Amino acid sequence: MELPLVQLGEGERGVVTRVIGGVGMSYHLGALGIRGGKILTVVARHPFGGPVVIEIDGRAITIGRGIAARIWVEKK
Amino acid sequence: MRKVVLMGNPNVGKSVIFSRLTGANVISSNYPGTTVEFTQGRIRVGEEDLILVDAPGTYSLNATNRAEEIAVRMVEEADLIIQVIDATTLERNLLLTLELLEKNKPLVIALNMWDEARHTGIQIDLERLRAQLGVPIIPTVALTGEGIKELVEAVSHASPPERTVELSDEEKWVRIGAITGDVLTLTHRHHTVRERISDATIHPITGIPIGVLVLLASFAAVWAGGEAIRFFVLDPIFGVLQSVLGSLAGQLGPGLIRDLLIGRLFDGEIVWEESMGMLTTGLYVPFAIVLPYIVTFYTVLALLEDLGYLPRLATLADTLFHRLGMHGHAIIPCFLGLGCNVPGVLASRMLETKKQRLIAATLISVTTPCTAQTAMIFGVLGAQGLQYVVLVYATLIGVFLVLGLILKRVVPGESPELLLEIPPYRMPRGAVLFRKTLMRVRGFVLEAIPFLFAGILIVNLLYFSGLLAIIGMIFAPFFAGWLGLVPEATIALMMGFLRKDLAVGMLIPLGMAPLQLVIAVTVLTLNFPCVATFAVLLKELGPRDLAITLLIMVVTATLVGGAMRVILLGV
């Protein structure tokens, strides 16, 4: 099932399918390891519109809600 | 002299490699035409002296903020590039490597944190990686100095890469996948204790209480450490100085020279806070009252920095800061601003857009008291009762929040969201901590002393020429009427432009009620920044936005000051 990263629950894993956004955004996310085919795990979801923290390649990354809404993943 | 530029992602240990390579003779300067600070030193390679430049950390040559733009420009000026790679996250360093290879300049790679990679079950086949990239690759452990000699050796032989094929973005990702597939072997491992602690400090339910405790403990440590330094080191020194200066005052006799150097005597004695001489108040305020807390503040800051706590703090703060038109990363400039507004405003360039930088710089310069000022506020108001100090800070926090909410809505432009890598916790090293703290403390001393002396000189000259009385008379209606203070407070508040700590000190002899002092120090914080902060605001924001910021300051100080008079004094 494909869904945006914001909808993935804490502790759930997913494979990145696509990033909706400009070239600059995809390139910057790619530099951090967030790009098609990569597996990520949600470490924490901060309430009240706060950020989502994921783990990818063994390293945690904090992502604002708006950006996390544009990263689509296939839930595993 | 040929120039070597040290490149790399943030948090890869670049600065430690830099100090390993250069040793002592390091200078810190601003990139021409900007306030982006970088450090530069010299290294001796064989028979040749080279300039080594530590570029700001960047993930790619596709810059997203002002510091990264400078890093990109530094690459263009380089004769040779050293890229520092974090061996524990090889893959996300390779994009920069591929971009640097396209520059067709000699490139040497330092594969840093080599020991940590091995401990965490990451195996990198060095020979294959060298073959894949076609450049020298030296495994290093910057913290212990392992591999540094070999790195220098590699620099002396470095030549431009053999083959450089320009790749499209898509081809780069494919290439990175191919390289890591070829050289990297991961051994599966369980969550370590360190990672569990890391998760606990990131998760909101556990992280926020821990964050509050960390901040409280930090401020307690700054305070207690500062008190200890004052009591055990500085008080004895100034005790000796008192008698030396006392006899000097006797020898000088009354007159202009004594008034400037020693200042006024009270019953024939020097009163450190009030005498207003260059050698008395001019030395006492910066060294005995402010310096101890500056030392402890920067020690605690360096500790949190090297531990890797700050990105976690940024994560926790994001929910709040997002509502104020910035994002969580902005807590770092604000935190720095509590030390000194100047580095706080400078650090706001880590934010991506003009809107975010304007909001951060404004909130720091309007609402954030620096350590110098905090030390004086505690010194002046603490004796009257802690509730008065709390009143000042509660007001400032309130103004910070309200102003942020307003600015988010009225400042045009974008507020992009947080995207931040969180490095693992690392044990800080004493020597690195010490050097970092020393550099920052030296910065404070060099900057504060000239302005304090100038301030005292100006106050004295204005006083003796009678101008002080005239200025006081012109502005007195505002300060006495609108803020409910005594007319003499005018001069002190205006002196805040030179040094805020000096200005707070000038309020002491006026004999105001505690609540009047609360209003005075709050308005002093909110109003015009000190001249050093003014200068960096001008450079960072430009004249137009500086004018906006100053307008916000004056309006805020006037409104809040007036409201405080009505609420606190009831007049």
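Which residues touch the most other members of the largest nonpolar core? The legends below take up this point first, for a predicted model.

**View 1. The largest nonpolar core holds 173 residues.** Leu6(B), Val108(B) and Ala520(B) touch the most other members. Helix α11 of chain B, residues 281-307, gives the largest share of this core, with 14 residues. Domain 1 (3-186) and domain 2 (204-569) of chain B both contribute residues, so the core lies between them.

**View 2. Val108(B) and its contacts.**

**View 3. A second core is separate and has five residues.** Among them are Leu245(B), Ala249(B), Ile262(B) and Leu279(B).

**View 4. Seven strands form an open sheet.** The order is β1(A)-β6(A)-β2(A)-β3(A)-β4(A)-β5(A)-β12(B), and the pairing is antiparallel. Two strands stand at the edges: β1 (2-4) of chain A and β12 (419-422) of chain B. Each has a single partner strand, so one side of each is left without a neighbour in the sheet. On average, neighbouring strands of this sheet are turned by 40 degrees against each other, direction ignored. Strands of a sheet pair through backbone hydrogen bonds.

**View 5. The pairing of β1(A) with β6(A).** Strand β6 of chain A covers residues 71-75. β1(A) and β6(A) pair in the antiparallel sense over three bridges. Glu2(A) stands opposite Glu74(A) in β6(A).

Conventions:
Residues numbered from 1 in each chain as written. Chains lettered and ligands numbered in written order. Predicted model: local features only at pLDDT ≥ 70, side-chain atom pairs only at ≥ 80, totals over all residues. Pairing = 2+ DSSP bridges. Helix = DSSP H or I, 4+ residues; strand = E, 2+ residues; numbered from the N terminus. Axes fitted to C-alpha atoms, helices over the stretch in contact; angles between N-to-C directions. Core = buried A, V, L, I, M, F, W, Y, C linked by C-beta atoms within 7 Å. Buried ≥ 20, exposed ≤ 12 C-beta atoms within 10 Å, placed from the backbone. Domains from an automatic or database assignment. Contact = placed C-beta atoms within 7 Å. Lists of a residue's contacts leave out its neighbours within four places in sequence.
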